[in-house]
Amino acid sequence: MNVTVRGRTQHYRTVAFDRARNAVLLIEQRLLPHEFKIVATKNFHETAGAIHDMIVRGAPAIAATAAYGLAQGALAFRGRDQRKFSWHIEIVYQTLKAARPTAVDPVNAMNGVRAVMRTGKTVAEQQSLALAAAEEFASEDVRHCEEIGRHGARLIRSGMKILTHCNAGWLACVDIGTATGPMYAAQAQGKKFHIFCDETRPRSQGATLTAWELAQQKVSHQVIADNAAGHLMQRGEIDLVIVGSDRTLGRTGEVANKIGTYTKAVLAKRHGIPFYVAIPLSTIDWNLKRGFDIPIEERHESEVLGAWGVESSPKSNSAIARAGVQSTKSAKRIYVRVANPASGARNPGFDVTPPELITGIITPVGIFKPKELWPQRRKLGFTI
Ligand code: MRU
């Protein structure tokens, strides 16, 4: 998407590859919305570290990063010995896979890259096939988000108030976004609507990333505290919910997404509000038979016990907003402890929403009921 920083507008993908430097290029998402910076990971260990440390996050974005990381690891190999090369690729694959456990997209993306590599005869051939396959995965993700936008835009009418959770925008993908795809498509059709971004504690991806994206794209929006959604629903102030997913089970229609998604789905059901999940095909796990088996990432307790931000006062915040500044450089990032110093915390990063709470799943192929994924698996590109 286009990013305007200090008056200059430029198009960026969230994840890209620099062949000359054999480096993966990433937007440093931990600094947003306060600073816009691109970082380059020099080897596959650094690329796995960037996924693990959440420099890049969001299921499709970490999938593209892992695909490029696999190509980066392949290209770094010196020699022609096929057996040694295969060993090396296995290490690269396992290192990238272990970086974050819940999203299935990185595994699907890397399996795709490896399948293409197998068609090459020599090490050199497999190296260039790896990069071509990673580039194709990234471009396919963009196409998928465009299609999700095309199908999902019809759910949005002018005047609607829409809730989204976490960030399933272009920063979470290669471009455009899954949950934001329908929003940007509806905006392009001239529709006027308003987005409520759940703050999404503990890491605040809604308050920092989704709000920044929507401001950049001039979409009307406000950040709400996670606990405010029920109240707004009760008062008729939310018409539609659209979220993303880190793993959607093709066999059952269960959806893993950022912690708090399940709560919002329960509330939406209680208030008769349509609840949609937007996913590219890489988010579908056709193997797992029950949501309980989805590996749920447990993150460090410090995220719950405190918060990261920049030094600022409520007064200077409104001054920044009035001046229309979207991104400023190098405000000092600090961690503040909020919770009682003697207390510990639990920090599950994701939860699983059952199919009966989901109105529909917006895919690049069309909108399906969660239980329709399995019977429609061929249409969705799954061959068994
Ligand atoms: O922990 P994060 O920030 O990687 O979690 C991201 C989400 O939960 C997104 O909703 C999900 O990855 C879908 S992104 C299109």
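The structure holds 2 cavities of 30 Å³ or more, a cavity being, on a 1 Å grid over the protein atoms alone, a set of points where a 1.4 Å probe fits but cannot get out. This is a predicted model, in which local features need pLDDT of at least 70 and side-chain atom pairs count only at pLDDT 80 or more, while totals for chains, interfaces and linings use all residues. Residues are numbered from 1 along each chain as its sequence is written, and side-chain values use heavy atoms, with hydrogens and water left out.

**The largest cavity**

- About 180 Å³ of space lies in the largest cavity, where a volume is the space filled by probe spheres set on grid points that are joined across faces, edges and corners.
- Its lining comprises 25 residues, with Gly58, Ala59, Asn167, Asp246 and Asn257 nearest the centre; lining residues have an atom within 4 Å of a point.
- The elements that give two or more residues to this lining are α2 (59–76) and β11 (255–258), and α2 gives the most, with 3 residues; helices (H or I, at least four residues) and strands (E, at least two) are DSSP runs, numbered from the N terminus.
- Domain 1 (2–146) and domain 2 (151–299 + 346–372) both contribute to the lining, so the largest cavity lies between them; the domain bounds come from an automatic or database domain assignment.

**The second largest cavity and Gln205**

- The second largest cavity has a volume of about 50 Å³, and its lining includes Pro202, Arg203, Gln205, Lys258 and Arg299.
- By class this lining divides into 3 nonpolar, 3 polar and 4 charged residues, where Ala, Val, Leu, Ile, Met, Phe, Trp, Tyr, Cys and Pro count as nonpolar, Asp, Glu, Lys and Arg as charged, and the others, Gly among them, as polar.
- Gln205 belongs to helix α7 (residues 205–216) and is buried, with a relative accessible area of 5%; buried means under 20% relative accessible area, exposed over 50%, and partly exposed in between (1.4 Å probe, protein chains only).
- Leaving aside residues up to four places away in sequence, Gln205 touches Met54, Arg57, Cys166, Asn167, Glu199, Thr200, Thr210 and Lys258, a contact being heavy atoms within 4.5 Å.
- Lys258 stands opposite Phe350 in β16, and β11 and β16 pair in the antiparallel sense over 4 bridges; two strands pair if DSSP finds at least two bridges between them.

**Backbone geometry**

- Most residues other than glycine have a negative phi, and most peptide bonds are trans.
- Arg201 and Pro202 are joined by a cis peptide bond, with omega about 10 degrees, and Pro202 is placed in the loop between β7 (194–198) and α7.
- Ser204, in the loop between β7 and α7, has a positive phi of about 65 degrees although it is not a glycine, and at 14% relative accessibility Ser204 counts as buried.
- Cys166, in the loop between β6 (161–164) and α6 (180–188), has a phi near 60 degrees, a positive value in a residue other than glycine, and Cys166 is buried with a relative accessible area of 6%.

**The second largest pocket**

- The second largest pocket has a volume of about 700 Å³, a pocket being an open set of points with protein on both sides within 12 Å along at least five of seven lines.
- The largest share of its lining, 8 residues, comes from α4.
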